[in-house]
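Please work through each task before reading its solution.

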Amino acid sequence: MSRQQDSAFSSGSLGVLTPKQDEFCYYEDMTETELQQVLENVIHLNLFLRLENDIFERYLARRHPESLQTIAQILEKAKRIQKIAPQHNLTPSVMSASGSLVNVHDKDSPSVSSVTPSRHVTSLLSARAPNGRTKFVHSCRITYMHRIEMVNTEIRELQKKLEKIEQMSTKKKIYLRARMEENQISTCEIFKNREEFEENVVQKGIDSITGKIPAEKFIRFIEDSLKVVDIITEKIRLKMATIKCQIIKIKLQLKHRKELGETLRVIDFEQLKIKNRICVQKVDEKNQYLLEMKRMAGCYNITFGKHKKKVDGLMLIMNQVRNKIVSKKQEIVKLQSKQIAAKIEIDKEEKQLKSIMELINNFEIPSVIDSIKLRMKLDNLQEIHKRLSRRREIHRITLKSKKITRKNAKF
């Protein structure tokens, strides 16, 4: 069963199907899973053939458009013959994955792939083809090399079309983005102008007497806004002029580069390749040197970090020692000032001591009789002092009373 299935639906060889009665007998002997597998293979093969025919039709439409007309006429005649005499099986249905030539998309029929024809089909094609085209009809078998070439050409054409579409889409995207930005800026400006108009003209511009907005304020607001618009347009004009100058310069540069490119030869490209190789080697050497330097720098950074920690510890100790030295110096200055003050006090005390010692050495103890006499004199003098002070007080009082009496006598 598997051999029959492979022989009937192989994708690398041609397979001519038997008539319908044999097909029914063949399918009745198969199980559901085998039928499902056969259906999947047929769908996959049909999809593959549709894609293949589409590619060949595009290729022939670009290279040999007249062959499409002849093939369409041949297929129409084959359909007519099949309708007239279906019982003789003059045009058997053929499925192939390696011998397909062209796909004709009709509105009423699916894609039809021509394969290695039988005797009847070859006679039909040779009879239908006009003079001068029988050679093309008889040589309708396509090899794998021709298929690969056609597919590659179609892929290149599709890539070119895709590049053009991408360029157009990027241009449209840039244009639409610019329009969006322009619309956003215009909307922002409109909202801003509306707010300014409502604030300056509608709210603050109302006359307190009439309760209406005077025309002068409205005209002034419009003139100011027009001045701002003129300034912005002038800036945009200058910017556009600079951009145009830049575009002209770039176009001249591109033209100059194209002219230089036309004068280039194969030798120049070979020299550039050699220079590029040398530059790549130099870059690799520099990269290796940089990697080595980075590795060395990493090692030195580790050692530097260790030494830095040690230096930080030593710096802390040194700062502590410096602070202690400064405090000790301050204490020394204070002690020196205290020492000077102590020396001064010592000198004073020594002088007092010397005077006291001199007094002690020069002191002579008087006799008792002399001391008694001096005491008696002192007492007498104190009594005399008391008497004189009393008299002075009496004289003062009398003088005061006399002055009062004189003043009274005058009045």
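Buried means under 20% relative accessible area, exposed over 50%, and partly exposed in between (1.4 Å probe, protein chains only). This is a predicted model, in which local features need pLDDT of at least 70, side-chain atom pairs count only at pLDDT 80 or more, and totals for chains, interfaces and linings use all residues. Residues are numbered from 1 along each chain as its sequence is written, and side-chain values use heavy atoms, with hydrogens and water left out.

**Exercise 1.** Classify the ring pair of Phe197 and Phe218.

Step 1. Rings of Phe, Tyr and Trp (its six-membered ring) pair if their centres lie within 6.5 Å; planes under 30 degrees apart are stacked, over 60 edge-to-face, and the rest tilted. The count by this rule is 2 aromatic pairs.

Step 2. The centres of Phe197 and Phe218 are 5.9 Å apart and the planes stand at 80°, so this pair is edge-to-face.

Step 3. Phe197 belongs to helix H7 (residues 144–203) and Phe218 to helix H8 (residues 215–263), 21 residues apart. Helices (H or I, at least four residues) are DSSP runs numbered from the N terminus.

**Exercise 2.** Classify the ring pair of Phe197 and Phe221, and state whether Phe221 is buried or exposed.

Step 1. With centres 5.4 Å apart and planes at 55°, the rings of Phe197 and Phe221 form a tilted pair.

Step 2. Phe221 has a relative accessible area of 15% and is therefore buried.

Step 3. Ring pairs join Phe197, Phe218 and Phe221 into a cluster.

Terms used
Helix = DSSP H or I, 4+ residues; strand = E, 2+ residues; numbered from the N terminus.
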